[in-house]
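The entries follow the order in which I looked things up.

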Amino acid sequence: MNRMNQPLITKETIASMEDMSSFTYALIFDDLLIVAQKETNCFVLKSSDGLIVIDAIWPDQKAFDAIIHAIKEVGWEPESVQKLILTHGHVDHTGCGKWFVEKYGVTTYLSQIDDMYWRDHPVKPDRPNTWKDYEIDVYLNHGDTITLGDKTIYVYSTPGHTPGGLSFIFPVMEEGTPHMAALWGGTTPPRTIPAVNQYLASLEYFMSVAQFHNVDVALSNHTAVDNGLERIAYSIKRMSYMPNIYIIGKKGFQNYCQVFRTMSNQILEK
Ligand SMILES: [Zn+2]
(Lines give C-alpha, C1' and ligand atoms only; values in the text may rest on other atoms or scores of the structure.)
Protein backbone atom coordinates (compact mmCIF):
# COMPACT_ATOMS: atom_id res chain seq x y z
CA MET A 1 0.00 0.00 0.00
CA ASN A 2 1.28 3.44 -0.93
CA ARG A 3 0.97 5.75 2.02
CA MET A 4 1.48 9.50 1.74
CA ASN A 5 4.51 10.69 3.67
CA GLN A 6 3.30 14.24 4.08
CA PRO A 7 -0.03 16.02 4.12
CA LEU A 8 -1.46 17.61 1.01
CA ILE A 9 -1.65 21.34 1.73
CA THR A 10 -3.82 22.99 -0.90
CA LYS A 11 -5.55 26.34 -1.32
CA GLU A 12 -8.61 24.67 0.16
CA THR A 13 -6.60 23.69 3.24
CA ILE A 14 -5.61 27.30 3.80
CA ALA A 15 -9.18 28.52 3.17
CA SER A 16 -10.47 25.95 5.67
CA MET A 17 -8.45 27.62 8.42
CA GLU A 18 -10.91 30.51 8.35
CA ASP A 19 -14.05 28.45 7.83
CA MET A 20 -16.07 28.62 11.02
CA SER A 21 -19.09 26.77 9.66
CA SER A 22 -18.44 23.54 11.54
CA PHE A 23 -16.69 22.36 14.67
CA THR A 24 -16.09 18.99 16.25
CA TYR A 25 -14.64 17.80 19.52
CA ALA A 26 -13.76 14.67 21.44
CA LEU A 27 -12.55 13.77 24.89
CA ILE A 28 -9.40 11.98 23.77
CA PHE A 29 -7.99 11.30 27.26
CA ASP A 30 -9.58 11.29 30.70
CA ASP A 31 -8.31 14.83 31.07
CA LEU A 32 -7.77 16.13 27.52
CA LEU A 33 -10.38 17.54 25.18
CA ILE A 34 -9.69 18.42 21.56
CA VAL A 35 -11.83 21.02 19.77
CA ALA A 36 -11.40 21.57 16.04
CA GLN A 37 -12.75 23.50 13.14
CA LYS A 38 -11.81 22.23 9.67
CA GLU A 39 -8.09 22.88 9.88
CA THR A 40 -7.08 24.22 13.24
CA ASN A 41 -7.65 22.78 16.67
CA CYS A 42 -7.04 23.53 20.30
CA PHE A 43 -6.93 21.52 23.50
CA VAL A 44 -8.42 21.78 26.97
CA LEU A 45 -6.45 20.08 29.74
CA LYS A 46 -8.17 19.31 33.01
CA SER A 47 -6.20 19.65 36.22
CA SER A 48 -7.24 19.13 39.83
CA ASP A 49 -7.45 22.91 40.11
CA GLY A 50 -9.24 23.92 36.92
CA LEU A 51 -8.88 23.92 33.15
CA ILE A 52 -6.06 25.00 30.87
CA VAL A 53 -6.87 25.96 27.27
CA ILE A 54 -3.98 25.42 24.85
CA ASP A 55 -4.34 27.61 21.74
CA ALA A 56 -7.55 29.38 20.82
CA ILE A 57 -8.30 28.81 17.12
CA TRP A 58 -9.43 31.85 15.10
CA PRO A 59 -10.65 35.19 16.55
CA ASP A 60 -14.29 34.44 15.96
CA GLN A 61 -17.12 34.25 18.47
CA LYS A 62 -18.13 30.95 16.87
CA ALA A 63 -14.79 29.40 17.79
CA PHE A 64 -15.12 30.56 21.39
CA ASP A 65 -18.70 29.27 21.58
CA ALA A 66 -17.59 25.91 20.15
CA ILE A 67 -14.86 25.52 22.77
CA ILE A 68 -17.25 26.44 25.60
CA HIS A 69 -19.90 24.11 24.19
CA ALA A 70 -17.40 21.21 24.08
CA ILE A 71 -16.25 21.90 27.66
CA LYS A 72 -19.85 21.76 28.86
CA GLU A 73 -20.68 18.67 26.80
CA VAL A 74 -17.93 16.62 28.43
CA GLY A 75 -19.20 17.67 31.85
CA TRP A 76 -16.55 20.23 32.72
CA GLU A 77 -17.16 23.80 33.83
CA PRO A 78 -16.12 26.74 31.64
CA GLU A 79 -15.97 28.87 34.81
CA SER A 80 -13.01 26.77 35.90
CA VAL A 81 -10.80 27.78 32.94
CA GLN A 82 -7.75 29.35 34.61
CA LYS A 83 -5.12 29.63 31.89
CA LEU A 84 -4.78 30.18 28.16
CA ILE A 85 -1.43 29.00 26.83
CA LEU A 86 -0.45 29.79 23.24
CA THR A 87 2.06 27.87 21.15
CA HIS A 88 2.79 30.84 18.91
CA GLY A 89 1.61 34.23 17.79
CA HIS A 90 -0.25 33.40 14.58
CA VAL A 91 -3.87 34.45 14.50
CA ASP A 92 -5.28 30.94 14.09
CA HIS A 93 -3.79 30.13 17.53
CA THR A 94 -4.09 33.39 19.48
CA GLY A 95 -7.66 33.45 18.18
CA CYS A 96 -10.60 33.88 20.50
CA GLY A 97 -8.57 34.48 23.66
CA LYS A 98 -10.27 37.85 24.18
CA TRP A 99 -13.45 36.17 25.37
CA PHE A 100 -11.58 33.85 27.72
CA VAL A 101 -10.00 36.92 29.29
CA GLU A 102 -13.21 38.96 29.43
CA LYS A 103 -15.51 36.19 30.60
CA TYR A 104 -13.33 34.03 32.80
CA GLY A 105 -10.38 36.27 33.66
CA VAL A 106 -7.86 33.69 32.50
CA THR A 107 -4.12 34.22 32.75
CA THR A 108 -2.59 34.32 29.26
CA TYR A 109 0.81 32.92 28.19
CA LEU A 110 2.90 33.37 25.03
CA SER A 111 6.53 34.08 24.19
CA GLN A 112 7.47 37.73 24.18
CA ILE A 113 8.98 37.42 20.71
CA ASP A 114 5.73 36.21 19.18
CA ASP A 115 3.67 38.83 21.01
CA MET A 116 5.59 41.37 18.90
CA TYR A 117 3.42 40.40 15.93
CA TRP A 118 0.58 42.24 17.62
CA ARG A 119 2.45 45.09 19.31
CA ASP A 120 2.09 47.69 16.54
CA HIS A 121 -1.11 46.42 14.99
CA PRO A 122 -3.54 44.69 17.37
CA VAL A 123 -5.79 44.69 14.31
CA LYS A 124 -4.08 43.93 11.02
CA PRO A 125 -4.80 46.99 8.81
CA ASP A 126 -5.23 44.89 5.68
CA ARG A 127 -7.35 42.22 7.36
CA PRO A 128 -9.66 43.60 10.06
CA ASN A 129 -10.94 40.14 10.98
CA THR A 130 -7.41 39.36 12.13
CA TRP A 131 -6.72 40.74 15.58
CA LYS A 132 -5.58 40.05 19.11
CA ASP A 133 -6.94 42.61 21.53
CA TYR A 134 -5.93 41.05 24.80
CA GLU A 135 -2.74 41.30 26.78
CA ILE A 136 -0.30 38.51 27.48
CA ASP A 137 0.14 38.21 31.26
CA VAL A 138 3.13 35.88 31.30
CA TYR A 139 5.90 35.77 28.71
CA LEU A 140 7.08 32.20 28.44
CA ASN A 141 10.72 31.25 28.13
CA HIS A 142 12.55 28.08 27.25
CA GLY A 143 12.60 25.67 30.17
CA ASP A 144 9.63 27.21 31.98
CA THR A 145 7.02 25.04 33.58
CA ILE A 146 3.37 25.96 34.05
CA THR A 147 1.66 24.26 36.95
CA LEU A 148 -2.03 24.13 37.80
CA GLY A 149 -3.15 21.64 40.43
CA ASP A 150 -1.79 18.21 39.56
CA LYS A 151 -0.68 19.19 36.03
CA THR A 152 2.66 20.57 34.91
CA ILE A 153 3.32 21.67 31.34
CA TYR A 154 6.95 21.74 30.19
CA VAL A 155 7.72 24.61 27.84
CA TYR A 156 10.36 24.47 25.10
CA SER A 157 11.44 27.19 22.75
CA THR A 158 11.23 25.75 19.23
CA PRO A 159 11.76 28.67 16.83
CA GLY A 160 11.35 28.13 13.10
CA HIS A 161 7.67 28.29 12.19
CA THR A 162 7.72 31.60 14.06
CA PRO A 163 10.70 33.21 15.81
CA GLY A 164 9.15 32.74 19.23
CA GLY A 165 7.35 29.45 18.71
CA LEU A 166 6.90 27.13 21.69
CA SER A 167 6.23 23.43 22.03
CA PHE A 168 4.78 21.69 25.05
CA ILE A 169 5.07 18.37 26.85
CA PHE A 170 2.53 17.42 29.50
CA PRO A 171 1.02 14.37 31.19
CA VAL A 172 -2.38 12.96 30.27
CA MET A 173 -4.35 10.04 31.69
CA GLU A 174 -5.92 7.18 29.75
CA GLU A 175 -8.34 5.22 31.94
CA GLY A 176 -6.24 6.18 34.94
CA THR A 177 -2.90 5.28 33.34
CA PRO A 178 -0.44 8.16 32.86
CA HIS A 179 1.03 8.97 29.45
CA MET A 180 3.20 11.83 28.22
CA ALA A 181 1.92 14.00 25.37
CA ALA A 182 3.88 16.31 23.10
CA LEU A 183 2.50 19.19 21.08
CA TRP A 184 4.81 20.51 18.35
CA GLY A 185 3.73 24.14 18.39
CA GLY A 186 4.42 25.50 14.91
CA THR A 187 3.24 23.04 12.33
CA THR A 188 4.52 23.93 8.89
CA PRO A 189 8.15 24.80 8.11
CA PRO A 190 8.92 28.42 7.23
CA ARG A 191 9.86 29.58 3.73
CA THR A 192 13.47 30.74 3.95
CA ILE A 193 16.40 28.34 4.13
CA PRO A 194 17.93 29.74 7.36
CA ALA A 195 14.52 29.58 9.04
CA VAL A 196 13.95 26.01 7.83
CA ASN A 197 17.34 25.02 9.24
CA GLN A 198 16.37 26.62 12.54
CA TYR A 199 13.03 24.76 12.43
CA LEU A 200 14.85 21.46 11.86
CA ALA A 201 17.28 22.15 14.72
CA SER A 202 14.32 22.89 16.99
CA LEU A 203 12.65 19.69 15.86
CA GLU A 204 15.71 17.54 16.57
CA TYR A 205 15.98 19.13 19.99
CA PHE A 206 12.29 18.64 20.76
CA MET A 207 12.44 15.00 19.66
CA SER A 208 15.31 14.38 22.08
CA VAL A 209 13.44 16.09 24.91
CA ALA A 210 10.37 14.01 24.07
CA GLN A 211 12.51 10.88 24.28
CA PHE A 212 13.77 12.00 27.70
CA HIS A 213 10.19 12.55 28.94
CA ASN A 214 9.03 9.18 27.54
CA VAL A 215 6.52 10.90 25.25
CA ASP A 216 4.17 8.36 23.70
CA VAL A 217 1.31 10.64 22.62
CA ALA A 218 1.51 12.89 19.53
CA LEU A 219 -0.68 15.96 19.34
CA SER A 220 -0.96 18.51 16.56
CA ASN A 221 -2.78 21.82 16.36
CA HIS A 222 -3.51 21.44 12.64
CA THR A 223 -5.71 18.58 11.54
CA ALA A 224 -4.22 18.25 8.05
CA VAL A 225 -0.95 16.92 9.45
CA ASP A 226 -2.22 13.96 11.41
CA ASN A 227 -5.62 13.05 9.96
CA GLY A 228 -6.90 15.11 12.83
CA LEU A 229 -10.57 15.17 11.86
CA GLU A 230 -10.56 11.42 11.23
CA ARG A 231 -8.86 10.78 14.56
CA ILE A 232 -11.49 12.89 16.30
CA ALA A 233 -14.30 11.06 14.48
CA TYR A 234 -12.75 7.73 15.53
CA SER A 235 -12.39 8.93 19.13
CA ILE A 236 -16.05 9.97 19.32
CA LYS A 237 -17.19 6.48 18.36
CA ARG A 238 -14.40 4.45 19.96
CA MET A 239 -15.59 1.39 21.89
CA SER A 240 -14.09 0.59 25.27
CA TYR A 241 -12.12 -2.34 23.81
CA MET A 242 -10.59 -0.25 21.02
CA PRO A 243 -7.22 1.52 21.37
CA ASN A 244 -6.69 5.21 21.96
CA ILE A 245 -5.47 6.36 18.56
CA TYR A 246 -3.34 9.16 20.05
CA ILE A 247 -1.12 6.77 21.98
CA ILE A 248 1.54 5.75 19.47
CA GLY A 249 4.45 4.78 21.69
CA LYS A 250 7.88 6.30 22.18
CA LYS A 251 9.15 5.08 18.83
CA GLY A 252 5.85 6.08 17.26
CA PHE A 253 6.36 9.66 18.37
CA GLN A 254 9.81 9.78 16.83
CA ASN A 255 8.39 8.34 13.58
CA TYR A 256 5.53 10.83 13.64
CA CYS A 257 8.00 13.72 13.67
CA GLN A 258 9.35 12.56 10.33
CA VAL A 259 6.49 14.43 8.64
CA PHE A 260 8.01 17.73 9.78
CA ARG A 261 11.41 16.72 8.38
CA THR A 262 9.84 15.67 5.10
CA MET A 263 8.00 18.97 4.72
CA SER A 264 11.22 20.84 5.53
CA ASN A 265 13.33 18.87 3.08
CA GLN A 266 10.89 19.62 0.32
CA ILE A 267 11.49 23.34 0.87
CA LEU A 268 15.27 22.91 1.12
CA GLU A 269 15.36 20.94 -2.14
CA LYS A 270 13.52 23.65 -4.10
ZN1 LIG B 1 1.32 29.25 12.70
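**Entry 1**

I looked up Asn214 and counted 12 C-beta neighbours inside 10 Å, so Asn214 counts as exposed. The cut-offs I used: a residue is buried if 20 or more other C-beta atoms lie within 10 Å of its own, exposed if 12 or fewer, and partly exposed in between, with C-beta atoms placed from the backbone. The model is a predicted one, in which local features need pLDDT of at least 70 and side-chain atom pairs count only at pLDDT 80 or more, while totals for chains, interfaces and linings use all residues. Residues are numbered from 1 along each chain as its sequence is written.

Asn214 sits in the loop between H6 and E14. Such labels stand for DSSP runs, numbered from the N terminus: helices are H or I with at least four residues, strands are E with at least two. The phi of Asn214 is positive, near 55°, and the residue is not a glycine. I noted that most residues other than glycine have a negative phi.

I then turned to Asp55, which also has a positive phi, about 70°, without being a glycine. Asp55 lies in the loop between E4 and H2. Is Asp55 buried or exposed? It has 25 C-beta neighbours inside 10 Å, so it counts as buried.

**Entry 2: helix H2**

I went on to H2, residues 61-73. This helix has 13 residues and spans 18 Å from first C-alpha to last, close to the 18 Å expected at 1.5 Å a residue. The expected span is 1.5 Å times one less than the number of residues.

Which residues of H2 are buried? I found Ala63, Phe64, Ala66, Ile67, Ala70 and Ile71. Seen down the axis of H2, these buried residues fall within an arc of 160°, so they line one face of the helix. The arc is that of the directions from the helix axis to the C-beta atoms. An α-helix has 3.6 residues a turn, so residues three or four places apart point the same way.

On the face of H2 turned away from the buried side I found the exposed residues Gln61, Lys72 and Glu73. The cover over the buried residues includes strands E1 (24-29), E2 (32-36), E3 (41-47) and E4 (50-54), and helix H4 (97-104). Just after H2 comes Gly75, with a positive phi of about 90°.

**Entry 3: helix H4**

Gly97, Trp99 and Phe100 are buried in H4. Down the axis of H4 they fall within an arc of 160°, so they line one face of that helix. Their cover includes E4, H2, E5, helix H3 (91-94) and strand E6 (107-110). Gly105 follows H4 and has a positive phi, near 60°.

**Entry 4**

E2 and E3 run antiparallel and are joined by five bridges, with a hairpin of four residues between them. Leu32 stands opposite Leu45 in E3. On to E4: E3 pairs with E4 over five bridges in the antiparallel sense, and two residues make the hairpin between E3 and E4. Here Leu45 stands opposite Ile52 in E4.

E4 and E5 run parallel, joined by four bridges, and Ile54 stands opposite Ile85 in E5. I also checked burial: six of the seven residues of E3 are buried, and four of the five residues of E5 (81-85) are buried.

**Entry 5: the nonpolar core**

How many residues does the largest nonpolar core have? I read 65, and those with the most contacts inside it include Leu33, Phe43, Ile54 and Ile67. A nonpolar core is a set of buried Ala, Val, Leu, Ile, Met, Phe, Trp, Tyr and Cys residues joined through C-beta atoms within 7 Å.

I listed the contacts of Leu33, leaving aside neighbours within four places in sequence: among them are Tyr25, Leu27, Phe43, Ala70 and Ile71. A contact means C-beta atoms, placed from the backbone, within 7 Å of each other.

Methods
Contact = placed C-beta atoms within 7 Å. Pairing = 2+ DSSP bridges.
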